[in-house]
Amino acid sequence: MKRKDYQNWSKRKKRTVGVLVVFIFLYIGIMLYHTYKPLPEGVAYEGKLHSVETVEMLYDLSFAQDKKGTDMKHELRIFDEINNMIDEAEEFVVVDFFLFDNYNDQKTDFPKVADALTDHLLAKKEKDPEFPVYFITDPVNKGYGSYESELFDRLKDAGVEVIYTDLKGLRDSVPIYSGAYRMLFQWFDFGDKGWIANGMSKEAPDMTLSSYLEMMNVKANHRKAAITEKEAIISSANPHDASGFHGNMAFKVSGPVINDMLTSEEAVSKLSGGPNLPRIQAKEQEGPYQVQYVTEKKILDALVGDIEKTKKGDQIWLAMFFVSETDILSALTDAANRGVNVHMILDPNENSFGNKKTGLPNRPAVNELIEESSDHLQVRWYNAVIGQFHTKSIMIQTEEETYISGGAANYTERALENYNLENNIRIIAPNDSALTKDMTNYFDRLWENEDALYTLPTEEYQSNFSFFQRSIYGFQKLFKLTTY
């Protein structure tokens, strides 16, 4: 634009353009700051490596004899173990779970995992009203402020300390939208009474427009942990009825690593205006395993480092709900290309609580992996007749030892790049240990379809993979417009 043209503009036009320029620069500044701002204290936590005597792997599986669901069976163990752990606690209970509700839009009679957990916590408080119980959770369970949870109301009435995570201090994972939200939408109050149908469940109360606008920031406390003075369980499973038949995996540990977990959870509590959490007195154990508590991007750093240790002839076994994070895909591709045998069991991303899904992100990610890797990388899809293959675990077997990582974190940018709150346990185990054998038996059972149709060949979902899916996947990753 020539200077003369600008001088001929009216004062009104000049003011309008000036305001627009200021708005754009302010929007870009806010967007960039909240995408890269310093993390809250205690986020992206990396605990010490602790020697422990035992590590127990737990799993949930739903499976059938064919794709139609013939002879459907469920092996559900995780929440039975968590509830038993709560019953046996003598000093305190701390739990942190992303989803916690008993709504069910489907005709399936799901297990009442949310009510069962509630009952065990209430029984603990009924036996001793002064017994400390802390429940950290995500604001999704109150519709981002649209309503109060009936389950949490019962717990609070009994004296349980309920802490809704304050997500505002976290970085923004959808910067294009969140820049506008922080600049404009968060200041508007659109009424206290919900009037928009709840996107999480038809049974759940309606939500306000303000809550929906907050939800679209797509960030979460996605952690899943249960901690007492005796032991702790790090899991991929939510106490959420509609998730009751999902495939999941968890690990039970004990010893000083519990204090690392409590330190990390206390950071979330303090971030959200909650209390300090207790600690335990525990001596370092002398055992064959080493365990390390890691959260957020520290999960990614440790994971990539462990994959990079592999050599030709080593084995990687992956069981995962979502996989799309670039560094992980590159590390797996490089491993396969240097002769590491990579086996991946993935959810086909075909359904979500009864609703049809598009196959994103796993199918485009698999297409990318297959194109860029050697024959040493193989993929099978879990036969998710009901629920989802929600497991998030990896086993990396080298000549010297086995590295295992499992917990809440999907292998996505939101989970591993310091946007969500996530938690995993990293384990170093002898190759001949009981844990390694249990993990190997689990993967062999699913891969070989030993007594059911657990997994399907790659072509089952890749044969109709479309250019449209790949394009949407690329667009979402470029502009961070994803919900995964």
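The model is predicted, so local features need pLDDT of at least 70 and side-chain atom pairs count only at pLDDT 80 or more, while totals for chains, interfaces and linings use all residues. Residues are numbered from 1 along each chain as its sequence is written, and side-chain values use heavy atoms, with hydrogens and water left out.

Me: Why is Asn362 called buried?
Reply: Buried means under 20% relative accessible area, exposed over 50%, and partly exposed in between, with a 1.4 Å probe and protein chains only. Asn362 has a relative accessible area of 0%, and is therefore buried. Asn362 belongs to helix 11 (residues 362-372), where a helix is a DSSP run of H or I with at least four residues, a strand is a run of E with at least two, and both are numbered from the N terminus.

Me: What does Asn362 contact, leaving aside its neighbours within four places in sequence?
Reply: Contact means heavy atoms within 4.5 Å, and on that basis Asn362 is in contact with Met320, Phe321, Phe322, Val323, Leu346, Asp347, Asn349 and Trp381.

Me: What makes Ala319 buried, and what does its relative accessible area amount to?
Reply: Ala319 has a relative accessible area of 0%, so Ala319 is buried. This residue lies in strand 11 (residues 315-320) and, not counting residues up to four places away in sequence, touches Ile345, Phe389, Thr391, Lys392, Ser393 and Phe443. The C-alpha atoms of Ala319 and Gly406 are separated by 9.5 Å, although these residues are 87 residues apart along the chain.

Me: How do you know that strand 10 and strand 18 pair, and in which sense?
Reply: Two strands pair if DSSP finds at least two bridges between them. Strand 10 and strand 18 (residues 423-429) have six bridges and pair in the antiparallel sense, with Asn423 of strand 18 as the bridge partner of Thr295. Strand 1 (residues 50-52) also pairs with strand 10 in the antiparallel sense, over three bridges, and there Gln290 of strand 10 is the bridge partner of Ser51. Strand 10 (residues 289-295) is mostly covered, with six of its seven residues buried.

Me: How do you know that the span of helix 9 agrees with its twelve residues?
Reply: The expected span of a helix is 1.5 Å times one less than its number of residues. For helix 9 (residues 297-308) the twelve residues should span 16 Å, and because its end C-alpha atoms are 17 Å apart, the two values agree. The buried residues of helix 9 are Ile299, Leu300, Ala302, Leu303, Val304, Asp306 and Ile307.

Me: What makes a space a cavity, and what makes it a pocket?
Reply: On a 1 Å grid over the protein atoms alone, a cavity is a set of points where a 1.4 Å probe fits but cannot get out, whereas a pocket is an open set with protein on both sides within 12 Å along at least five of seven lines; lining residues have an atom within 4 Å of a point. Grid points are joined across faces, edges and corners, and a volume is the space filled by probe spheres set on the points. By this rule there are five cavities of 30 Å³ or more, and about 140 Å³ of space lies in the largest cavity. The largest pocket has a volume of about 1,300 Å³ and is lined by 46 residues, of which Phe98, Met200, Ser352, Phe353 and Thr483 lie nearest its centre.
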